[in-house]
Amino acid sequence: NIFNQPIKLIEVEHKSLEFEWKYISLKKELYGLAVNSLNDKNRLEDNSYILEFMDSVFKFSLENNVSDIHIEVLNKSVILRFRIDGVLNQFFRFSNKLYPVISSYLKYLASLDISQKRLPLNGRFTKEINGLQIDFRLSTIPTIYGESIVIRVLDNNNIKSNLEDIEFDIDTLNSIKKTLQLTQGMILVTGPTGSGKTTTLYSMLNYLNSKEKKIITIEDPVEYKLDGVIQININNDIDLDYKTILKNILRQDPDILMIGEIRDKESLQIAMQASLTGHLVISTLHTNSAIETITRLMDLEAPTYLIATTIKMILSQRLLRVLCKKCKSFDEVTNSYQNIGCVECNLTGYQNRKVVTEIVEFDESIKRMISNNSSVLEILEKLKKDDFKTMQDNGMKMVENGTTTLGEYYSKI
């Protein structure tokens, strides 16, 4: 016993060992940088160890399509978790002595008060990673052991800028393109947080963007910067909120408005009025389906005649994880594909995500039904007679063709 300690044997799966071995070099590098960071007196200098440490973390995030970096301080440790394809996974753990070093450096990058640890802080910074300029959005909030730090990775180079890149089915894609040709009316994209609504909005704006059109966005906050588009960032600290901007924005002579989210009845009323006066308005709502959006609009006290007149299309969407091509396996007992897990997919069995949608276009018959106060069930029955495919229909199709699993379908739809 060369370590003068009792030997304890544990049994692990071979793929789990492969997974640990895959990142062993990076873990060794990060551990060395972490130890040196604790003794580094030049922590905020350009040659500091914590700079190298965080740059390695950022590089790892880009290479693995990480959307959010979670740095959480516990009683005796600080852990780094990464959201990949919508799911959080823990990859690294260090002594909690490293937490104040990480916190101070990140606040320094985002031009925040380094000494403030008792209040939530929000900031933004840009770093050059692998030769690319990458934006990061920082959020901190106090916890019983220190702070919870979340960094949103805003990779402009990886954002799906074209509608075709999102991989809508051909019928949905054609419907979106046809509706975007309109010069007035409202297009609503709905779904829960993390369903890809922002990506869809930006791809629509890129499709519409031209020198002949003035596009203005109202966002909280601005996620990605778009050339040729006027982007307004909400700032509640100076009362620059949705209501204030919407009341004044039509004087800017826009052709197209993108409102990050319809939040209350007043913002909805102003958006609807804008869509009636020669503007195309694109926005989002948090609803579970395209049909339920009609009910939500009524809950916000929108008159049915105004809903029928202004809304041109409702697109509801989710993101389903796609089975890893290397390790997916067909189970003859359940007659379906299973997520097995391998080193390539970090043992999850999935790689990347694919959008699943349902779409309602407001034709004359639907407008008439809404104006006549028909129930949502009556509207749904009418749509199904016209071969309307619900999100459940389209999601199950992805299960049947081996794109995803039944478990993933039930967890998201």
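Buried means under 20% relative accessible area, exposed over 50%, and partly exposed in between, computed with a 1.4 Å probe on protein chains only. The views below come from a predicted model, in which local features need pLDDT of at least 70 and side-chain atom pairs count only at pLDDT 80 or more, while totals for chains, interfaces and linings use all residues. Residues are numbered from 1 along each chain as its sequence is written, and side-chain values use heavy atoms, with hydrogens and water left out.

**View 1. Strand β7 and its two partners**

Strand β7 covers residues 185-190. Strands (E, at least two residues) and helices (H or I, at least four) are DSSP runs, numbered from the N terminus. Six of the six residues of β7 are buried, so the strand is largely enclosed by the rest of the structure. In a regular strand the side chains alternate between the two faces of the sheet. In β7, G185, I187 and V189 point one way, and M186, L188 and T190 point the other way. Two strands pair if DSSP finds at least two bridges between them. β7 runs parallel to strand β11 (residues 280-285), with six bridges joining them, and T190 stands opposite L285. With strand β12 (residues 311-323), β7 pairs in the parallel sense over five bridges; there, L188 has I314 as its bridge partner.

**View 2**

Six strands form an open sheet in the order β3-β2-β1-β6-β5-β4, with antiparallel pairing. Its edge strands, β3 (87-95) and β4 (121-129), each pair on one side only. Ignoring direction, neighbouring strands are turned by 20° against each other on average. Axes here are lines fitted to C-alpha atoms, for helices over the stretch in contact, and angles run from 0 to 180 degrees between N-to-C directions. Nine bridges join β4 to β5 (residues 132-143) in the antiparallel sense, and F125 is the bridge partner of F136 in β5. Helix α4 (residues 99-109) packs on the sheet and touches β1, β2, β3, β4, β5 and β6. The direction of α4 makes about 45° with that of β6 (146-154).

**View 3. The largest nonpolar core**

A nonpolar core is a set of buried Ala, Val, Leu, Ile, Met, Phe, Trp, Tyr and Cys residues joined through side-chain atoms within 4.5 Å. The largest one has 42 residues, of which F53, M54, I71, F82, L106 and I151 touch the most other members. Helix α3 (residues 49-63) gives the most to this core, with eight residues. Contact means heavy atoms within 4.5 Å. Leaving aside neighbours within four places in sequence, the contacts of I151 include M54, F58, I71, L106, F125 and F136.

**View 4. Cysteines without a disulfide**

A disulfide is a covalent bond between the sulfur atoms of two cysteines. Here the sulfur atoms must be within 2.5 Å, and the count comes to zero. For C324, the nearest cysteine sulfur is that of C327, 3.8 Å away. C324 is buried at 1% relative accessibility, and C327 is buried at 11%.

**View 5. T405 in its loop**

T405 is found in the loop between α13 (391-400) and α14 (406-412). With a relative accessible area of 5%, T405 is buried. The side chains of T405 and Y350 are joined by a polar contact of 2.6 Å. A polar contact is a pair of N or O atoms within 3.5 Å; within protein, one must be able to donate a hydrogen and the other to accept it, and residues adjacent in sequence count only if both atoms are side-chain atoms. Leaving aside neighbours within four places in sequence, T405 is in contact with L323, Y337, Q338, N339, Y350 and V399.
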